[in-house]
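Open the model in your viewer and keep the selection tool at hand. The stops below say what to pick next and what to look for there.

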Amino acid sequence: MSTATAGGPAAPGLPGPSVPQAPRRASVVRTRSWPAVFFLLPALVLLGALVVYPIVYSVYRSFFDASGTGFVGLGNYVELFTDDGTLTAIKNNTIWVVVAPTVCTALGLIFAVLTERVRWGTAFKLIVFMPMAISMLAAGIIFRLVYEQDPDRGVANAVWVSVHDTFNESSAWPGARPRPDSDLKESGGSYTTAAAVDAADPANLPLVGVPPQDLVDAAEAKPAEPAGDGGVTGTVWMDFTKGGGGEPNVVDPGEKALAGITVEAVKDGRVVATATTGEDGTYALPAEADGARLRLPAANFTEAYNGVNWLGPSLVTPAIIASYVWMWAGFAMVLIAAGLAGVPRELLEAARVDGASEWQVFRRVTVPLLAPVLAVVLVTLMINVLKIFDLVYIIAPGATQSDANVLALQLYLSSFGADADHGVGSAIAVLLLLLVVPVMIFNIRRLRRENRR
């Protein structure tokens, strides 16, 4: 009967040699759990004091009235969805979440892709990213001035009015009007003489209402002489003498001429002649004007175009979103540019070799490869805009702040405003938390999927 040799296979029916097993190595976490807990304890205490406790207390406080003594159950939450201010805030927050992150991400993607093709791309990225160094408070003050209604102060309206006036003629003397005792009568913004004019006597048309600062460069008015060819003449001037004095409806020395005013001669409702006043305020109409009534069209006196009311009820939210995009488009661009730097260039070149256009390469190769980065940027900005407060509070004027209201601002006003109600404020805080949590869960799941790849 033979036996297995050392190192050889065991004979059939006999147990083989025992193989020594290596001792299990205890995990590092188990063997060093107490030091880990010791170092994590300060962070856990701070997290509990600054995050967990406020959340729990806010939920608890939201079930009580303004004084904190009377239990109202879900009454505060019912008030949220019946109060006009809160409903406006929810609507505006929806607009913010949909528009602002999408525009910022799209601009960031465009900037990141295009700046790779220019030599001064780094300088451009620096300029676009610079607004991130400005606080929300400072940015709000800047754009509050940018959106000023007065074109002499607000940059947005200064540009808008300049473009408008390039294609549309402005009135000669906005705000000018006849003297109360003059022969001119108002009709639909125009001023017409009550009686027909005679070629033998100059038809003087006195006006008032022009600010003195607008007359600094105006020439002195000149009394018109009768026309020798049967035409009608006259003077249009500012019938006001500085310091008082002078005779009404008479061109006195020192009174200013109103140049550039259109004068129409009207017979039977039809314009038969037109003239424009010169630098000295005089005008001359042909003989067809004899016996007609003179009319100063409304176009001479319409107020100057004052631009767009950017902070009015209809535009205040888009205007504030534009200021947010100005700040955060650079953030999106930098993150997307970092992701773009890791895209294999071989894939892009292979697509071009296969005949793909630049648009096809961008849409079918670049964007899919950047999808994880775009998701990070989009989700981060969505969480950020759900808590937007500073820009809305600073930029929106008091008259339209209710139209630009968002949940964070409503939370502040409900908790610390004139009629403070901490119960309603806590309910708004809980609502904000519930809106942020799904976005955070989506982000965490996305990160886990990325780590498993």
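Begin with strands E3 and E9 (residues 293-296): these two pair in the antiparallel sense over two bridges. Pairing here requires that DSSP find at least two bridges between two strands. Helices (H or I, at least four residues) and strands (E, at least two) are DSSP runs, numbered from the N terminus.

Some ground rules before moving on. This is a predicted model, in which local features need pLDDT of at least 70, side-chain atom pairs count only at pLDDT 80 or more, and totals for chains, interfaces and linings use all residues. Residues are numbered from 1 along each chain as its sequence is written, and side-chain values use heavy atoms, with hydrogens and water left out.

Four bridges join E2 to E3, and the two run antiparallel. Lys185 has Thr192 of E3 as its bridge partner.

Are they covered or open? Both are covered: Ser190 and Thr192 on one side, Tyr191 and Thr193 on the other, are all buried. Buried means under 20% relative accessible area, exposed over 50%, and partly exposed in between (1.4 Å probe, protein chains only). In a regular strand the side chains alternate between the two faces of the sheet.

**The four-stranded sheet**

Select E1, E4, E5 and E8. These four strands form an open sheet in the order E1-E4-E5-E8, with mixed pairing. E1 and E8 (282-285) stand at the edges, each with a single partner strand, so one side of each has no neighbour in the sheet.

Walk across the sheet from E1.

- E1 (residues 177-178) and E4 run antiparallel, joined by two bridges. Arg177 has Val208 of E4 as its bridge partner.
- E4 and E5 (residues 232-238) pair in the parallel sense over three bridges. Leu207 stands opposite Met238 in E5.
- E5 and E8 run antiparallel, joined by four bridges. Gly234 has Tyr283 of E8 as its bridge partner.

Arg117 is exposed, at 54% relative accessibility. Leaving aside residues up to four places away in sequence, Arg117 touches Arg352 and Glu358. Contact means heavy atoms within 4.5 Å.

Select H9 (residues 345-353) and H10 (residues 358-369). They pack at an angle of about 150°, with axes 10 Å apart. That makes H9 roughly antiparallel to H10. Axes are lines fitted to C-alpha atoms, for helices over the stretch in contact, and angles run from 0 to 180 degrees between N-to-C directions. Under 35 degrees counts as roughly parallel, over 145 as roughly antiparallel, 65 to 115 as roughly perpendicular and the rest as oblique. Leu347, Leu348, Ala351 and Arg352 in H9 meet Glu358, Val361, Val365, Thr366 and Leu369 in H10.

H10 and H11 pack at about 60°, with axes 4 Å apart. That makes H10 oblique to H11. Val367, Pro368 and Leu369 of H10 make the contact with Ala371, Pro372 and Leu374 of H11.

Go to Asn93 in helix H4. Asn93 is buried, at 3% relative accessibility. Its side chain reaches the backbone nitrogen of Leu407 at 2.7 Å.

Finish at Gln410, in helix H13 (residues 407-416). Gln410 is buried, with a relative accessible area of 11%. Its side chain makes a polar contact with the side chain of Asn405 (2.5 Å). A polar contact is a pair of N or O atoms within 3.5 Å; within protein, one must be able to donate a hydrogen and the other to accept it, and residues adjacent in sequence count only if both atoms are side-chain atoms.
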